[in-house]
Amino acid sequence: MLARAGVSPAVLGPPRGRLTTAEFFALWEAIEALAGSRDLGLRLGAEAMPQKFDIASQAALHSASVGDALAKLGKYKRLVCPEEVTVGEVEGEARVRFHWLLAEGDPPRFLVDATFASVLAMLRRGAHKPVTPLRVELTRRRADAALLTRHFGCPVHFDAPVDLLVLPAAALAEPFVTHNADLLALLLPGLDAELAAQDRRRTLADDVRLALCRRMCGERPSVDKVARDLRVSSRTLQRRLEEAGTSYQRLLDEVRDQAARRLLTRTDLDASQVAFLLGFEELNSFTRAFQHWAGTTPSRFRAQARAS
């Protein structure tokens, strides 16, 4: 698998191997190519033993409840890898989303399967009872529907704008039998200190990109809304971006370009649906913008992607 992924075995040597996001994705693509089984991603996620959990998952497993566990996972996951976990409550639903901050391409489907399966297995282990999602939403064309439905025990929707694990909001209150306040008292101060150091290294452009990604779901991501998310005025935000050598429009185009390529490559959504998800008011505006970014129309880009 390492050879197929183009990753040197020396990278994984002691004391602790580290991969770039691109190398990590390539390794998961190699796993999928060589697996011989469509459920291997689900099994790798669901069957991991607690002693093999990363530090963010350890903190989550010893939390007080399902909601507390997801909050800790969202807070500390970036210490383990450049991945953000967010939980939003909407109309009685808890929508868990995973976003890779440094990804230039889409996360491999086996990685998404393993991530969702591992989080669900951790929640079930902590609650010591079944935790059943309302649905799973995947940004891919329809494939392995019966397999995924059987594993998660809920409907699976394809061609979604983002990957989501959707739980009943009431499930957030389920207590954890694995709660260990003494262990958390030892773990969390060190994790919080490292997180503060990491946050000091982040740039304003990084924060704007992340805020745009969160809002890239059928609304026009205006500078006022993003500034409000970052707790600054829109004038201050634009001035600080200019001082950093970029602009809000440049970052918006960058995020929209990446999202458009992903949706056109991985889903069967038509161009007008993609335009809506990216916040364009008209299909023609999206088509002109995409031609500027990619040098071709959305339909030709999709045809070329499928052919390759």
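1. Helix α14, spanning residues 283–294, carries both Phe 290 and Trp 293. The model under discussion is a predicted one, and the remarks below should be read accordingly.

2. A pair of aromatic rings is described by the distance of the centres and the angle of the planes. For Phe 290 and Trp 293, the ring centres lie 6.5 Å apart and the planes meet at 75 degrees, so the pair is edge-to-face. The angle qualifies because edge-to-face applies to planes over 60 degrees apart.

3. In total, the structure holds 9 aromatic pairs.

4. Another of these pairs is formed by Phe 98 and Phe 116, with 5.4 Å from centre to centre and 45 degrees between the planes, a tilted arrangement. This pair links distant parts of the chain: Phe 98 lies in strand β2 (residues 93–100) and Phe 116 in helix α6 (residues 109–127), 18 residues apart.

5. Are Phe 98 and Phe 116 buried or exposed? Phe 98 has a relative accessible area of 11% and is therefore buried, since the cut-off for burial is under 20%. Phe 116, at 2%, is likewise buried.

6. Turning to the fold as a whole, the protein has 15 helices and 5 strands. Of its 308 residues, 45% count as buried. Among contacts between residues at least 6 apart in sequence, 63% join residues at least 24 apart.

7. How does the radius of gyration of the protein stand against that of a compact globule, and what is its value? A compact globule of 308 residues would have a radius of gyration near 19 Å; the protein has 20 Å, which agrees. Along the principal axes, the C-alpha atoms fill a box of roughly 55 × 50 × 45 Å.

Terms used. Residues are numbered from 1 along each chain as its sequence is written. This is a predicted model: local features need pLDDT of at least 70, side-chain atom pairs count only at pLDDT 80 or more; totals for chains, interfaces and linings use all residues. Side-chain values use heavy atoms; hydrogens and water are left out. Helices (H or I, at least four residues) and strands (E, at least two) are DSSP runs, numbered from the N terminus. The radius of gyration is taken over C-alpha atoms; the globule rule is 2.2 Å times the number of residues to the power 0.38. Buried means under 20% relative accessible area, exposed over 50%, partly exposed in between (1.4 Å probe, protein chains only). Contact means heavy atoms within 4.5 Å. Rings of Phe, Tyr and Trp (its six-membered ring) pair if their centres lie within 6.5 Å; planes under 30 degrees apart count as stacked, over 60 as edge-to-face and the rest as tilted.
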